[in-house]
Amino acid sequence: MTNPPSGCPMHAAPSAGEAIVAQEKAQLDFSNTMSYGDYLQIDTILSAQKPLSPAHDEMLFIVQHQTSELWMKLMLHELQAAVRHIAQDDLPPAFKMLARVSKIMEQLVHAWDVLATMTPPEYSAMRPYLGQSSGFQSFQYRCIEFAMGNKNAAMLKPHAHAPERLALVQAAYEAPSLYDEALRLMARRGLPVPASHTERDWSQPYAASKEVEAAWLQVYRKPEAHWDLYQLGEELTDLEDAFRLWRFRHVTTVERIIGFKRGTGGTGGVSYLRKMLDVVLFPEIWSLRTEL
C-alpha cells in the first residue's frame, strides 16, 4: 500500500450515518440562523439547576420541581383560556383545553414516580439546605387552585414579599373560577342556577347548592337537549378526577420519603396534604350521580 503524497490528508469514507444526513440535506450550519437550542433557550434552562448541598440526589429534587413548574405554566395557559371561552359561550375550544389540562395532570402524577426513587436518607442529606422553601409556596400551583375554585385568602400571604407574583395570585383569587363561569353559562342558557351562585364575591370559597345540583340534573337527565353542557360536566369530572390523583400521589410520595415529619414550609406535611384530599372542587358534579 502506497502512502498518500505529502501534504494530501487521508479522507475516510463517510459512515452510513453521515451518508444518511447528507442524503436528507439536513441543516448543519447555524452560524447565521436560529437553532433548536436558540429557540428553546436551552442554555438558560440547563443553567437553572444550582444545587446547594453536596448530595447527589439534590439534582433530582430540583429537576422534578422545575419541570413541574413548567407543566403548571402550560396548565394555567390552558385553564385561563378555557375560562375565557366558556365566558364567551364558545365551548368546543374550551373542551380541547380542559382535556389537555387533564392530560398534563396525568403527566404530573407520573412525575411523582421519579421523585419516589429518592429514599429517606437521601432526602435527609439535602433537606437542611432547603431552609423553609416548599412547594406549598408555589405561586403557579396557587393560581391553579384558585382557577379551579379553591379560594383561600391565607394563601396570598406567602407571596406578599414578591409584588409581581402577588399580583398574579391576587388576580386569580378575585376572578371567577372555571366552575363559576360554567354555572354562569348554564344560567344564560335558561337553567335554574340561583343568582347567589352567578352574582357573588368570587374571592369567597364556593358553597354547594341543592339548586345548582338540580340544574345539573336537568342537563344529565336530558343530555340530548343540553349536549354541550353535558359534555362540559364530564370534562369537569375528568379534570377533578385527575386533580385528585395528582394530590393523592403527592401525599403518598411525601409519606414515603419523609414519613410524618413536618414540611419545610411549616405545615404538618402529610397531615396537611391529607386534609387537602377532602376538598371537592365541583361538588354538584359529583353529588348529582347519586340522584340519577
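Q: Which residue has a side chain joined to that of arginine 289 by a polar contact of 3.0 Å?
A: Welcome to a predicted model, in which local features need pLDDT of at least 70 and side-chain atom pairs count only at pLDDT 80 or more, while totals for chains, interfaces and linings use all residues. Residues are numbered from 1 along each chain as its sequence is written, and side-chain values use heavy atoms, with hydrogens and water left out. A polar contact is a pair of N or O atoms within 3.5 Å; within protein, one must be able to donate a hydrogen and the other to accept it, and residues adjacent in sequence count only if both atoms are side-chain atoms. At 3.0 Å, the partner of arginine 289 is glutamate 234.

Q: In which helix does arginine 289 lie?
A: Helices are DSSP runs of H or I with at least four residues, numbered from the N terminus. The side chain of arginine 289 also reaches the backbone oxygen of isoleucine 285, at 2.8 Å. The helix that holds arginine 289 covers residues 283–291 and is α13.

Q: Is arginine 289 buried, partly exposed or exposed?
A: Buried means under 20% relative accessible area, exposed over 50%, and partly exposed in between (1.4 Å probe, protein chains only). Not counting residues up to four places away in sequence, arginine 289 touches Tyr220, Glu234 and Thr237, where contact means heavy atoms within 4.5 Å. Its relative accessible area is 32%, so arginine 289 is partly exposed.

Q: How far apart are the C-alpha atoms of arginine 289 and proline 163?
A: Arginine 289 and proline 163 are 126 residues apart along the chain.

Q: Which side chain makes a polar contact of 2.8 Å with the side chain of serine 138?
A: Serine 138 sits in the loop between α6 (120–126) and α7 (139–147). Its relative accessibility is 9%, so serine 138 counts as buried. Leaving aside neighbours within four places in sequence, serine 138 is in contact with Glu69, Met72 and His159. The 2.8 Å partner is glutamate 69.

Q: Which residue has its backbone nitrogen 3.1 Å from a polar atom of the serine 138 side chain?
A: Serine 138 and proline 158 are 20 residues apart in sequence, with their C-alpha atoms 8.9 Å apart. The backbone nitrogen at 3.1 Å from the serine 138 side chain belongs to tyrosine 141.

Q: How many of the nine residues of α7 are buried?
A: The buried residues are Gln140, Tyr141, Arg142, Cys143, Ile144, Glu145, Phe146 and Ala147. They pack against α4 (58–87), α8 (163–174), α9 and α11 (227–258). Helix α7 is therefore largely enclosed by the rest of the structure, and its number of buried residues is eight.

Q: What is the relative accessible area of glutamine 140?
A: Glutamine 140 has its place in α7. Beyond its neighbours within four places in sequence, it is in contact with Glu69, Met72, Lys73 and Leu76. Glutamine 140 is buried, with a relative accessible area of 11%.

Q: Are α9 and α10 roughly parallel, roughly perpendicular or roughly antiparallel?
A: Helix α9 (residues 178–188) and helix α10 (residues 210–221) pack at about 65°, with their axes 11 Å apart. Axes are lines fitted to C-alpha atoms over the stretch in contact, and angles run from 0 to 180 degrees between N-to-C directions. Angles under 35 degrees count as roughly parallel, over 145 as roughly antiparallel, 65 to 115 as roughly perpendicular and the rest as oblique. The two helices α9 and α10 are therefore roughly perpendicular.

Q: Which residues of α10 meet Tyr179, Leu183 and Met186 of α9?
A: From α9, the contact draws on Tyr179, Leu183 and Met186. From α10, the residues are Val212, Ala215, Trp216 and Val219.

Q: Is glutamate 181 buried or exposed?
A: Glutamate 181 lies in helix α9. Not counting residues up to four places away in sequence, it touches Val83, Ile86, Ala87 and Pro176. With 8% relative accessibility, glutamate 181 counts as buried.

Q: What is the relative accessible area of lysine 25?
A: Lysine 25 lies in the loop between α1 (16–23) and α2 (36–40). Although it is not a glycine, lysine 25 has a positive phi of about 55°. Lysine 25 is exposed, with a relative accessible area of 73%.
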